[in-house]
Amino acid sequence: MENNSILEEVLLKKSQQKKKMSPNNYKERLFVLTKTHLSYHEYDKQKKGSKKGSIDIKKIRCVETVNLDEPTPLERQYPFQIVYKDGLLYVYTPNEESRSRWLKALQKEIRGNADLLNKYHKGFFTNGKFLCCNQTCKGAPGCTIWEKYTTLHSTLSPVKPLPPDPRPLYNYEPQGNCDIPLVRNSQYYVLKEEDPEQWKVRDVEGKEGIVPSTFLKAVSVNDELRENFSIDKHSSEEEDRIDKHDWYAGNISRAQSEKLLREKGKEGSFMVRKSSQAGKYTVSVFSMALEDKKGTVKHYHVHTNSENEYYLAENYCFNSVPKLIHYHQHNSAGIVTRLRHAVSTKGNTIPSTASLGDGIWELKREEIILQKELGSGQFGMVQLGKWKGKYDVAVKMIKEGSMSEDAFIEEAQNMMKLNHPRLVKLYGVCTKTYPIYIVTEYMANGCLLSYLKSHGKKLQPFQLLEICYNVCEAMTFLESHQFIHRDLAARNCLVNNDLTVKVSDFGMARYVLDDLYVSSQGTKFPVKWSAPEVFHYTKFSSKSDVWAFGILMWEVFTLGKQPYELYDNMQVIQKVCEGYRLYRPQLASKNIYQIMYSCWHELPEKRPTFLQLQSFIELLREDDKL
């Protein structure tokens with residue numbers, strides 16, 4: 001035994017499963033415990049070999065036995081675990097006496113360590129999960145009280161008791177306009193429960209609505225914890241609302257978050273977004289700390305433990321996401337870097353609850369201040385406006401003779417009812433004097449076609465696919481409401497400051513009076529985006545929109561090229577009727593081109609629906625790990 005060692009013995013060490021499903025293996029190692037480190041070495045022919053690993057005593061957080069795996073061979077009957085800041089180590093002793101000796105010696109040396117655990121996992125972490133509680137994160141908080149904590153912790157803090165076993169959890173889908181969804185394991189605050197069956201609640205994003213009390217467990221409002229959904233009447237502090245923070249990006253996709261964080265390009269740039277799993281969140285962080293010279297974006301899922309507390313990679317738990325983020329803004333604690341620079345996607349947008357005008361859709365012209373020209377469209381000039389001196393809006397100033405005004409105004413109220421996150425919102429119109437204003441949601445990055453031409457070379461194929469997915473979501477919604485766009489193209493989609501793409505000008509082609517949209521027969525349609533039944537019979541449907549979506553996908557993957565650029569409108573009609581189709585863009589994989597091509601079947605009934613297209617693209621997004 002070395003002079004400064006406390007304990008030395010040849011023990012069996014289990015592999016640490018650095019990868020989730022890596023196979024287990026067991027190796028004999030000489031373990032040496034000193035006042036500062038626990039190290040382990042190769043051991044052959046009674047000789048100590050090279051050091052294979054070392055753990056700083058100050059970083060050890062728990063030393064305890066672990067329940068046997070079944071079936072277990074004789075040489076692995078006496079395991080114990082060492083939980084430390086950077087990992088988890090399982091060691092097997094030859095007998096109970098040896099295990100007790102190691103536990104006693106190690107627990108003596110870690111007494112007073114700063115980050116000791118009050119709970120631990122009594123089961124092994126194997127094949128990607130803890131056998132005791134089935135949690136899949138290796139850094140997940142423990143599920144069993146560690147009895148030794150009170151005697152080893154320097155402050156002798158009282159042990160927090162375990163909560164009661166959670167009851168079965170249920171999701172709730174809204175049944176009316178005033179309802180909000182309930183998502184299992186999410187947190188809600190009770191605002192009113194005057195009606196025993198219907199309670200008014202607020203979620204962590206600040207949305208309020210009515211929900212059935214039975215889904216929340218019918219207990220007294222004075223109870224601190226409603227187990228099913230973690231309902232706390234007295235905890236509605238403003239700082240626990242996610243939506244008020246600049247770092248919260250809502251439904252932004254993984255691809256969009258990566259582009260925005262890389263554009264910021266600063267160490268520790270971050271945002272929090274909704275996960276693809278309902279009710280969950282993901283923290284996306286940019287760092288130059290890893291080997292990639294261009295920097296890396298890491299995505300961390302926000303986990304919840306049995307007490308509905310939030311945590312990232314390490315056992316630092318908080319009762320709200322904002323408190324979790326605040327902690328990691330000052331401590332990296334298991335993630336690649338400290339959260340240093342919040343990347344915001346918020347602009348001066350109109351709240352969804354705002355009332356724009358005295359009527360349902362007629363706005364007061366004097367409340368809209370025009371600020372600068374954004375461009376010109378098929379109806380006339382488009383300007384950036386400020387509504388009530390506060391909110392950004394886009395104002396289309398309709399030039400006389402460019403549209404069928406009466407027909408549009410008659411239909412505008414119905415168009416305003418089409419609300420979807422991927423549709424550009426139509427707020428209202430000003431029709432009392434000329435020029436007529438059409439007031440819509442402002443999209444900071446402008447027209448998709450222009451964006452592709454100016455920024456497309458910086459986009460990866462998976463980001464181009466994400467653009468197509470955004471458009472497809474909007475069109476699936478229109479399809480479900482039997483609404484036909486008639487003019488789907490990249491020029492009629494807009495890009496927001498968070499790189500979300502939204503569909504604009506849906507249904508507007510009916511009111512256009514413009515030569516660009518007139519074929520030689522005098523009918524109005526955008527020829528190069530039109531299906532054969534539109535050429536022949538001026539027959540529009542969701543299936544003719546599907547054809548146009550295929551052309552839009554081609555525009556996206558060619559970074560804004562003009563379709564059929566060598567042919568005029570009459571030649572395009574002839575070529576398409578003869579079976580000619582656009583070629584596969586260089587940036588489009590065979591699978592992506594197959595989706596495009598499926599949109600261009602001569603027979604409308606043979607083309608997929610938008611719902612089917614959305615499913616096809618979702619599969620590719622999963623393949624590309626978006």
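## Helix packing and cysteines

The crossing of helices H9 and H11 is left-handed. This is seen in a predicted model. Helix H9 spans residues 542-557 and helix H11 residues 590-598; their axes come within 7 Å and cross at roughly 145°. On the H9 side, Gly-550, Met-553, Trp-554 and Phe-557 take part, and they meet Ile-592, Ile-595 and Met-596 of H11. By residue type, this contact has 6 nonpolar members, 1 polar and no charged.

The two helices belong to a protein with 12 helices and 28 strands. The chain has 626 residues, of which 52% count as buried. Among contacts with a separation of 6 or more, 56% join residues 24 or more positions apart. The exposed surface comes to about 30900 Å², and carbon and sulfur atoms supply 48% of it.

The second topic is the cysteines. A disulfide requires two cysteine sulfur atoms within 2.5 Å, and by this rule the count is 0 disulfides. Cys-132 is in no disulfide, the nearest cysteine sulfur being that of Cys-143. For Cys-133 the closest cysteine sulfur is also in Cys-143, and the distance of 4.0 Å is too far for a bond. The table gives the distances and the accessibility of both residues.

| Cysteine | Distance to the sulfur of Cys-143 | Relative accessible area |
|---|---|---|
| Cys-132 | 3.6 Å | 28% |
| Cys-133 | 4.0 Å | 26% |

Technical notes
Residues are numbered from 1 along each chain as its sequence is written. This is a predicted model: local features need pLDDT of at least 70, side-chain atom pairs count only at pLDDT 80 or more; totals for chains, interfaces and linings use all residues. Side-chain values use heavy atoms; hydrogens and water are left out. Buried means under 20% relative accessible area, exposed over 50%, partly exposed in between (1.4 Å probe, protein chains only). Axes are lines fitted to C-alpha atoms, for helices over the stretch in contact, and angles run from 0 to 180 degrees between N-to-C directions. Helices (H or I, at least four residues) and strands (E, at least two) are DSSP runs, numbered from the N terminus. A crossing is left-handed if the near helix is turned anticlockwise from the far one by less than a right angle, and right-handed if clockwise. Contact means heavy atoms within 4.5 Å. Ala, Val, Leu, Ile, Met, Phe, Trp, Tyr, Cys and Pro count as nonpolar, Asp, Glu, Lys and Arg as charged, and the others, Gly among them, as polar. Accessible areas come from the Shrake-Rupley method with a 1.4 Å probe; for residues, only the protein chains shown count as cover.
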